[in-house]
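User: Please walk me through how to read this model, from overall form down to single residues.

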Amino acid sequence: GAKNGCEASDTVEVIVKSGSNPPSSGVTANAGSDVEICEGESITLTASGGSSYEWSNGETTKSITVTPKTTTTYTVTVSDNGVSDNDEVVITVNKLPTIDAGSDVSIDQGDSVTLTATGGDSYLWSTGETSASITVSPNITTNYTVVGSKNGCEATDTITVIPTSSKGITANAGADVEICMGESIVLTASGGDSYKWSNGATTKSITVTPKSTTSYTVIAYKDNLSDTDEVVVAVNRLPEADAGSNVTIYAGQSVTLTGAGGDTYLWSTGATSKNIEVSPMKTQIYQLTVNKNGCEDSDSVQVTVIPYDPDANAGEDINICYGESTTLRGSGGEVFKWSNGATTKNIIVSPTRTTVYELEVMRNGKTDIDTVVVNVDFCGNEEIKNELSDTTFKVFPNPTNGILNINVNQVKKDYNLDVFSLNGSVVYKGEIKATDSNLTKHIDLSRFVNGVYIVRLYNTDENYVKKVVRI
């Protein structure tokens with residue numbers, strides 16, 4: 001400093017202390033900020049500043065949970081690379097307040113009483129009020145609880161208020177109750193030796209079925225004394241369940257049933273959703289129960305199922321080569337029977353000659369028939385063809401408007417000749433003899449209905465089939 005042109009100097013030393021090591025050591029222990037808790041509470045302390053820790057309570061983890069009973073100081077030693085530092089944290093334990101709502105009290109029925117809590121800085125009563133004092137006037141014995149707070153800590157106390165009759169008798173008609181429209185309820189009085197209800201009954205218990213919300217009053221009598229009480233029976237209207245209109249479907253179809261009228265739903269299927277999807281195979285009634293305000297109502301809906309008549313379908317005609325197999329696929333019914341004796345829906349066949357397979361299906365007690373031709377071609381293997389037969393078999397014209405010509409040539413064996421419709425009705429039966437080396441038969445189909453007919457030439461060894469259309 002300088003003064004009047006002259007100078008002088010001085011020195012001051014600032015010493016920085018942090019535990020056992022100066023900050024230049026690189027380790028600065030931190031046990032966290034001091035904190036307050038309530039008696040009986042726990043708190044987690046977390047240290048920082050190093051890689052290893054040791055607390056004054058012997059624990060060596062970075063964080064510790066403690067539950068001190070009184071105000072306590074916790075010290076932590078933080079170490080890193082052989083260098084350590086200390087810090088401490090103070091846990092202040094605040095005692096719980098002693099909350100007193102006062103002694104239980106009896107009052108004359110209809111009177112009021114003031115309840116006053118002490119021991120706290122703020123209060124919350126079970127009535128919702130937050131003042132230290134509240135005024136109550138219960139008709140029945142009632143417990144009142146108050147939560148008091150002080151220094152951030154809470155405690156509770158309860159007081160019981162008991163109303164009594166100044167007449168020496170207390171009538172009790174029971175607690176108010178809710179019922180559903182149409183239901184009955186038993187009301188039971190107490191407090192006397194004899195009773196008289198507002199509906200004229202003189203029994204202790206009465207059964208009532210009010211149509212709307214109704215108050216019932218009872219007078220209790222004992223030793224020439226009397227008292228009065230009332231009970232309210234609230235009547236809730238029934239919901240109106242609606243399962244929807246009856247519906248008709250075909251077998252195999254699905255339909256969505258839509259419920260209405262309640263807050264909750266229960267179908268006879270066990271489903272609890274408002275809407276359900278069903279697919280019955282026969283006519284069925286579904287019942288819906290709905291609930292609203294504790295009351296129930298039911299409704300039902302009928303799903304009429306129209307069964308399908310059978311519609312046999314053996315599939316389209318198939319061409320295969322000699323020695324091959326093919327799958328015939330049936331449909332149109334529930335029960336299947338093929339002309340080869342198989343009873344499965346689909347069958348695998350390996351005919352060596354062109355063959356007609358007939359399928360009979362059943363459903364709902366009715367039957368239907370269809371046929372399919374498996375044409376066997378020798379696919380260029382003339383040697384096998386010649387080994388089997390030299391017979392030629394022709395049907396013409398095709399289609400025909402009535403007259404059908406059937407030509408059989410190079411006959412070496414006796415054959416049966418059948419003509420039948422797709423429904424199995426035989427319109428012609430005849431024979432071809434081995435002596436008929438080149439024969440043409442003329443069959444008149446003009447008296448039969450239009451459609452597809454099967455011409456079959458066969459014996460025990462051979463089978464020939466042709467389809468012809470009558471127009």
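Predicted model: local features only at pLDDT ≥ 70, side-chain atom pairs only at ≥ 80, totals over all residues.

Analyst: Residues are numbered from 1 along each chain as its sequence is written, and side-chain values use heavy atoms, with hydrogens and water left out.

User: How many helices and strands are in the protein chain?

Analyst: Helices (H or I, at least four residues) and strands (E, at least two) are DSSP runs, numbered from the N terminus. Here the protein chain has one helix and 39 strands. Its radius of gyration is 52 Å, well over the 23 Å from the globule rule for 471 residues, so the chain is more spread out than a compact globule. That radius is taken over C-alpha atoms; the rule is 2.2 Å times the number of residues to the power 0.38. The C-alpha trace spans about 155 × 105 × 50 Å along its principal axes.

User: Is Thr160 buried or exposed?

Analyst: Buried means under 20% relative accessible area, exposed over 50%, partly exposed in between (1.4 Å probe, protein chains only). Thr160 has 16%, so it is buried. Thr160 sits in strand E14 (residues 153-164).

User: What does the side chain of Thr160 make a polar contact with?

Analyst: A polar contact pairs N or O atoms within 3.5 Å; within protein, one must be able to donate a hydrogen and the other to accept it, and residues adjacent in sequence count only if both atoms are side-chain atoms. The partner is the side chain of Asn143, at 2.6 Å.

User: Where does Tyr308 lie?

Analyst: Tyr308 is in the loop between strand E26 (295-306) and strand E27 (318-321). At 36% relative accessibility, Tyr308 is partly exposed.
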